[in-house]
Each structure stands twice: as C-alpha cells, then as structure tokens.
Amino acid sequence: MGPLMPKKKSDRTKKLRPKKTIRNKKQPSASSSGPLHPMKVPPSKTFPDGHITTRHEHCRHNPSGRDQFYPDEIHEIAKEHFSKVKKRPCPLPLKFGSSGSAYDELIAGWVQYWNELLTPDVPLEPNLFKALVASESSFDPNILADRKNPKSARGLTQITDDTRKILGDEKGELKDHHITATREEMNDPNISIYAGVRWLFHKRHLASSKLGRMATWEEAVAEYKSIRQGLKRGVKRDKVLMDRFLKYLEDYRKCGTK
Amino acid sequence: MRNKIAFLLFLVLISASACTIPAHKKAAEDNYRSKYPYTVLGEDYGLLTEDDVAISSCIAHPSPFSLQESSPHPYWQCFSLSGSAFECEEADENEEGRTAILAVVLKKDGITNDYLSRRAIPLDACNSHKDDWVRLTSNQKFVCISGGLINDDSDKMYRSWIFESYKTAKGCDSYFQGGCNLAHKIQNGCNLAIMAQPAP
C-alpha cells in the first residue's frame, strides 16, 4: 500500500482533506449523519442577548486554515486505508483476551499516519504505542479514571478533558493537526488512538524542549505519564511504573512485527 | 468457682464467634474459589464475594500466581490494616496541574506491598481517593485489595502492584469508574464466559 499521508501539504489536502474548501459550501441534508455541534452566536440586532444554535460538523468554518480533524473523517480514513497497513504491532494479546489484539489495525494505521505526517527523526513504533495502551487502560475502551470526575482520563489512551481541549485548540500549544471531538467520543477506540498518538508526538516535542535535545520515545511515554522528571530524580515508584511499560514493550518486541 | 468457669467459657465463645466466618460466607468463598481458583491469594476474612473476584477476569485472563512473572490479571489479597498507608507521592506537573502517584502501602510477612496507580493522576483526584480510604478503613481490621503484580523485589522486602480496587466491610473503591461493580463491567463489554478461562 502507498503512504497514508503524502508529504506535501497541498497533496494531503487534495487526497485526504478535500473537504476543507468544499466543507464550507456544503449544506447538510436532512438525512446526513454525524453529530451536531452547539455554536454560540454573538449578540446582534435580531438576537440582542445572543443565542445558541447548532451546526453540522461538515459546515464548520475553518478560518485558520490549519488541519482540524473530525470524528467522521477519522473513521473514513481508518475504514479506507488501515486494513492494508503492513507494519503492525505484535498480535499477541498477552493475557488481555481478545481485546489485547482488537485494536492492532487502528494502532498500526494511526502510527503510520502520524509518522508520515510529522516525519520524526526516529519513527514511532507500533509496538511502543501498543505497550502504552496496555499500561494505560488494559485495552478497555470504556473506562473513566475518576468516577467522580467526567473530565478525567478516559478510553484506551486515557486522554483527559484538558488534553482533549488542547488537541482541538487552534490558538493553543499545538501548532497544527488538531482534532475536534466530544468528551464521550474519546471512548471511541478509533478517536482515542488517533488522539493518543497525536498527544504522544506532542509530549515528545515537549520533553525535547525541556531536555534541549530530541527526547527518545521512551522519554515521551514518561512525559505522557507525567513521571519523566521523577525518573530523572530516581523516584522509585516512577521507575516501577516505567519498568511495567518497558516490560510490555519487551514482550511485544519479542514477537516482532507481522 | 462455677461462675468463673461459666464467665470464661462465655468469653471464649464470644471471641470465637467474632473470629469465625459465618457458614454462608464460607460457602460463598468455596464457590468462588472453585470458579476462580487463581484470583484470591490467601485468606479473605469474609470480605470478598464472587462478583468482586469475577471482576479481575474482566481485566485479564486468570493464571496461576507467580512471583517470577508480572501479570495484568488483578489478584486479590487481604491484609491487616495495621501499618498501612495511603500516599499521594507528588509527580511531574502537567497540563492539569500538580499530579501524584497514588500508592496504597500494605505490609505482610515483613514485605512492603506497594499498590500504584497506572500513571500520575491529578493531585486532587488522589486526595479524593485518600479521603475514601480514610472513610472506608476507619475502625476496620482488614482490607482486601486487587492488583496485577508488577515486580517482586523480595530481597529488598518490596513488592509492587498495579492498584485496581480495594474493599473493607464498609465498602469498596476502585481506580477506574465501575471497578467495584460487576454489572457495570458486563454492561461495558466484559464477557466472563470467555475471560474467566485461563489465558490461552
């Protein structure tokens, strides 16, 4: 199979993001599927107090011109391309049952996608990302970390609500390649893996800035788990948690790739 | 003299009944041990039910416990609460602010058992779990806790586990939402008919 994401942005737009310009003109039909998004309309003569309306995600205006992905596009890419991706993580479910290998195709696809898009010096390895998912959620897509707080980490990659907002914020710390998804959509394995890989790339970028050199992917994982500085200081528990992740990684690497 | 003997006998009977697990709890224990022979390590002091034990299989297939091998399957163990601690050890700051590693520390046979959260969590969330711990363990003698083995460092009298949930006679708390509720796990896709079987 060819690359998922051609390197030139213009090509990318043409091939995978044809909707950027079309989207603004397209009118949703009554039968069109996909979620509606609430939109605050500022005060005007007609509505002096402003009001809230809804918009279909296909109609969302994109004034910044930055890539902003929506769940329907994420599903479309996965459906069209990922069954052909060759470099997959180790298919061993370890002891996690069938869910331990249920997301291999999505992991392989999104890892390749982001590798092609962001062209890191050392590509992210599908096995490493699978080990991260194992350590974070034991492959349970429905979990929420804190029962008292719906904003807490959720889904396969344990993306928090704060992280979700950063991932979607075109004026925030991410320069490009955003994702707009609801809190609940982060329980969708496809969205969660897409967002998780993107977040791991960002965490590597953050760790590199702090270190003054390119961080390794293992350091990016430590940043993802908020234990990187503790590891540097020799905090025992941080090391135990990192060792657990590394053990999964070792097990997956043993069986190689498909 | 007869009164003294009767009083002593009364005391013995009272203390024996306090330490004995009721027959129906024993039967329930026998039942879950036959269904889930690997999941509970040692005594359960009458605290665990079949549902508690079954939840472990929703996370990972059961397998015989081994100190030589880390395991994602959460094993239940019960400890005396004397010398126990609940700690929120501060970790890195991130986009959510201050974070901490949640750690339940329990001792048995001179070994410190450290049950840890999977990652650093917001400090507030850790403190909220700590409040629950104080509430659920006050005036209790024993706690049962579940978690997969990370590493055994018996030479240093230290054993680490991933924290899943714990239970006292007062109630249960878990790391993940619904982690004390089998119905919730089943509703969210846990297939016990498959998962309760040993790992292939």
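Student: What percentage of the 200 residues in chain B do buried residues make up?

Tutor: The model is predicted, and its values are computed from that prediction. A residue counts as buried when its relative accessible area is under 20%. Among the 200 residues of chain B, the buried share is 48%.

Student: How many helices and strands does the secondary structure of chain B come to?

Tutor: Helices here need at least four residues and strands at least two. On that basis chain B has six helices and eleven strands.

Student: Is helix α3 of chain B largely enclosed or exposed?

Tutor: Helix α3 of chain B runs over residues 50-59. The buried residues of α3(B) include Asp52(B), Val53(B) and Ala54(B), and Ile55(B), Ser56(B), Ser57(B), Cys58(B) and Ile59(B) are buried too. Because eight of the ten residues are buried, the rest of the structure leaves this helix largely enclosed.

Student: What covers the buried residues of α3(B)?

Tutor: Cover is a matter of contact, that is, heavy atoms within 4.5 Å. The covering elements of chain B include the strands β1 (40-41), β2 (75-80) and β10 (165-168). Helices of chain B also take part, including α2 (23-35), α5 (182-187) and α6 (192-195).

Student: Which percentage of the 258 residues of chain A count as buried?

Tutor: Chain A holds eleven helices and four strands. Its accessible surface is about 12,000 Å², with 55% belonging to carbon and sulfur atoms. With the limit for burial set at under 20% relative accessible area, the buried part of the 258 residues is 52%.

Student: Why does Ser152(A) count as buried?

Tutor: Ser152(A) sits in the loop between α6 and α7 of chain A. Beyond its neighbours within four places in sequence, Ser152(A) touches Leu144(A), Ala145(A), Asp146(A), Ile159(A), Thr160(A) and Asp161(A). Ser152(A) counts as buried because its relative accessibility is 7%.

Student: Which residue has its backbone oxygen 2.8 Å from a polar atom of the side chain of Ser152(A)?

Tutor: A polar contact requires a pair of N or O atoms within 3.5 Å. At 2.8 Å, the side chain of Ser152(A) has a polar atom beside a backbone oxygen, and that oxygen belongs to Asn149(A).

Student: How much area do chain A and chain B bury between them?

Tutor: The contact involves 41 residues of chain A and 42 residues of chain B. Carbon and sulfur atoms carry 47% of the buried area. The total for chain A and chain B is about 3,500 Å².

Student: In chain A, which residues lose the most area to chain B?

Tutor: Three residues together make up 25% of what the chain A side buries. They are Lys95(A), Arg147(A) and Arg237(A).

Student: How many salt bridges does the rule find across the interface of chain A and chain B?

Tutor: The rule asks for a side-chain nitrogen of Lys or Arg within 4 Å of a carboxyl oxygen of Asp or Glu. Arg237(A) and Glu87(B) meet in such a bridge, at 2.8 Å from N to O. Across the interface of chain A and chain B, the number found is ten.

Student: Which element gives the largest share of the side of chain A that touches chain B?

Tutor: The elements of chain A that give two or more residues to this side are α6 (126-137), α7 (161-168), α8 (189-211), α10 (228-233) and α11 (236-254). The largest share is eight residues, and it comes from α11(A).

Student: How many charged residues does the side of chain A that touches chain B have?

Tutor: That side of chain A also has 13 nonpolar and twelve polar residues. Its charged residues number 16.

Note on methods. Residues are numbered from 1 along each chain as its sequence is written. Chains are lettered from A and ligands numbered from 1 in the order in which they are written. This is a predicted model: local features need pLDDT of at least 70, side-chain atom pairs count only at pLDDT 80 or more; totals for chains, interfaces and linings use all residues. Side-chain values use heavy atoms; hydrogens and water are left out. Buried area is the accessible area (1.4 Å probe) that two parts lose on being put together, summed over both. Ala, Val, Leu, Ile, Met, Phe, Trp, Tyr, Cys and Pro count as nonpolar, Asp, Glu, Lys and Arg as charged, and the others, Gly among them, as polar. Buried means under 20% relative accessible area, exposed over 50%, partly exposed in between (1.4 Å probe, protein chains only). A polar contact is a pair of N or O atoms within 3.5 Å; within protein, one must be able to donate a hydrogen and the other to accept it, and residues adjacent in sequence count only if both atoms are side-chain atoms. Accessible areas come from the Shrake-Rupley method with a 1.4 Å probe; for residues, only the protein chains shown count as cover.
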